[in-house]
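Dear colleague,

I am handing over the structure below, and I would be glad if you could look through it before reading on. My notes on what was found follow after it.

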Amino acid sequence: MAGEPMIAARNCAIILVEEPLARNGSANSEVLQWSLAADLAEAIGAPLLDLRGGADFVVDSAFIARFGELKRRSLILFGALLEGAVTQIALSMLLEGYDVYVCADQVKTADAMREDIFLERIRYCAGHVVTFPQLLLELLSREENDNKRQPLLALLNAGVRR
């Protein structure tokens, strides 16, 4: 699609969210690598907002201001629950004019049968649904500095072995 934004490391922030419902074991049993969010943030020099461990999550003006202070144009979402906080953050931030990338293989849902509904809603509102390897490959394609490419390659190779 013409005009599709490219993800650029210098524009990104990473958000990791986990609602109490997900922590209580109500989400499906797939094992996600929450550490990948921190690993990616470190590899590209992006700020990480780790919103796990809090109470019920709501996107409000304080959250939007907190993200705005990061001075980043794009956000990459990891976490749980897709039908709750992940979709809420994605749609709210799209309305605020940010580029949003949901890392589909790094989100949990309470009802796997409805996952496509939420991902399609995010796409319909101009969000991007990608996988972790896709993110890495796109970031690698735009990085010319070999020293900055090495951590991304290491993450990509580690993901292939999992």
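In these notes, contact means heavy atoms within 4.5 Å, while helices (H or I, at least four residues) and strands (E, at least two) are DSSP runs, numbered from the N terminus. The model is predicted, with local features needing pLDDT of at least 70 and side-chain atom pairs counting only at pLDDT 80 or more, whereas totals for chains, interfaces and linings use all residues. Residues are numbered from 1 along each chain as its sequence is written, and side-chain values use heavy atoms, with hydrogens and water left out.

Helices first. Leu82, Glu83, Thr87, Ala90, Leu91 and Leu94 of H4 meet Glu115, Phe118, Leu119, Arg121 and Ile122 of H5. Their axes (lines fitted to C-alpha atoms over the stretch in contact, with angles from 0 to 180 degrees between N-to-C directions) come within 10 Å and cross at roughly 10 degrees, which makes H4 roughly parallel to H5, a term for angles under 35 degrees.

Turning to the strands, seven of the seven residues of S1 (residues 12-18) are buried, so S1 is largely enclosed by the rest of the structure; buried means under 20% relative accessible area, with a 1.4 Å probe and protein chains only. Cys12, Ile14, Leu16 and Glu18 point one way from S1, and Ala13, Ile15 and Val17 the other way. Strands pair if DSSP finds at least two bridges between them, and S1 pairs with S3 (residues 74-80) in the parallel sense over seven bridges, with serine 74 of S3 as the bridge partner of cysteine 12. S1 also runs parallel to S2 (residues 48-52), joined by five bridges.

With best wishes

Terms used. Parallel < 35°, antiparallel > 145°, perpendicular 65-115°, else oblique. Buried < 20%, exposed > 50% of the residue type's maximum accessible area, 1.4 Å probe, protein only.
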